[in-house]
Amino acid sequence: IREKVLGTNHLEVAESLNNLAALYDDKGDFAKSEPLYQRALAIREKALGPDHSDVALYLNNLAVLYHYKGDYAKTEAFYQRSLAIREKVLRPNHPDVAVSLNNLAALYSEKGDYAKAEPLFQRSLAIREKALPPDHPDIAASLNGLALLYNEAKADYAKAEPLFQRALAIREKPLGHDHRDVGPDLNNLAGIYYARGDYAKAEPLYQRALVIYEKALGPNHMLVATALNNLAM
């Protein structure tokens with residue numbers, strides 16, 4: 001309807017393209033979502049200019065897609081372009097800047113480039129703590145990213161543990177103790193205790209994660225298998 005009434009290059013057409021692409025993304029159908037995201041981005045860039053904050057959002061959407069596909073070169077390029085635009089047109093402590101910083105940091109951490117990831121996670125966390133309420137879920141995302149880095153890259157459990165604990169507390173408050181999104185936080189914190197040999201603390205957290213996953217996802221989900229494996233160790 002929008003293409004027929006407004007023309008193929010209208011901003012509302014870009015919105016529809018982006019929404020449809022997001023639906024295919026959720027289904028894991030990247031072959032369908034990628035060209036829709038690209039069309040939406042091209043419309044936005046043409047209508048708004050290359051440095052508009054809405055263009056940054058669409059660049060970020062494409063970057064997330066490439067991240068899922070494992071195309072790190074494209075992911076990094078699109079995350080960096082999105083970050084550059086947001087740093088240019090938004091205030092330094094805008095939450096959208098923190099989103100780009102956190103996404104780029106997560107990519108570097110996944111690649112094992114912890115020296116690049118750590119300062120980006122720290123900047124993202126600092127912005128979010130200043131700009132958002134203390135129990136905002138985005139703060140939990142930054143806390144988790146930084147804690148995982150300390151855990152995996154440096155085995156610095158003293159730094160990782162309080163960050164995981166804060167992230168878990170933030171997620172449990174609005175979501176409840178049995179929400180599926182609380183499961184990963186329980187596993188992360190249990191992993192710290194397990195690595196330190198504190199099995200008495202690790203076991204009940206692993207058990208809670210298993211119960212959550214079985215209830216929310218069913219007995220045959222891969223996360224249930226992961227939780228069983230963690231508990232068995």
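Analyst: Angles under 35 degrees count as roughly parallel, over 145 as roughly antiparallel, 65 to 115 as roughly perpendicular and the rest as oblique. Helix α8 covers residues 137-154 and helix α9 residues 157-175, and the two pack at an angle of about 155°; α8 and α9 are therefore roughly antiparallel to each other. Their axes lie 8 Å apart. Axes here are lines fitted to C-alpha atoms, for helices over the stretch in contact, and angles run from 0 to 180 degrees between N-to-C directions. Helices (H or I, at least four residues) are DSSP runs, numbered from the N terminus.

This is a predicted model, in which local features need pLDDT of at least 70, side-chain atom pairs count only at pLDDT 80 or more, and totals for chains, interfaces and linings use all residues. Residues are numbered from 1 along each chain as its sequence is written, and side-chain values use heavy atoms, with hydrogens and water left out.

The crossing of α8 past α9 is left-handed, that is, the near helix is turned anticlockwise from the far one by less than a right angle. On the α8 side, the residues in contact (heavy atoms within 4.5 Å) include Pro137, Ile139, Leu143, Leu146 and Tyr150. They meet α9 residues, among them Tyr157, Leu163, Phe164, Ile170 and Arg171. By class, this contact of α8 with α9 has 15 nonpolar, two polar and three charged residues. Ala, Val, Leu, Ile, Met, Phe, Trp, Tyr, Cys and Pro count as nonpolar, Asp, Glu, Lys and Arg as charged, and the others, Gly among them, as polar.

For reference, helix α6 (residues 95-110) and helix α7 (residues 114-131) also pack at about 155°, with axes 8 Å apart. α6 passes α7 in a left-handed crossing.
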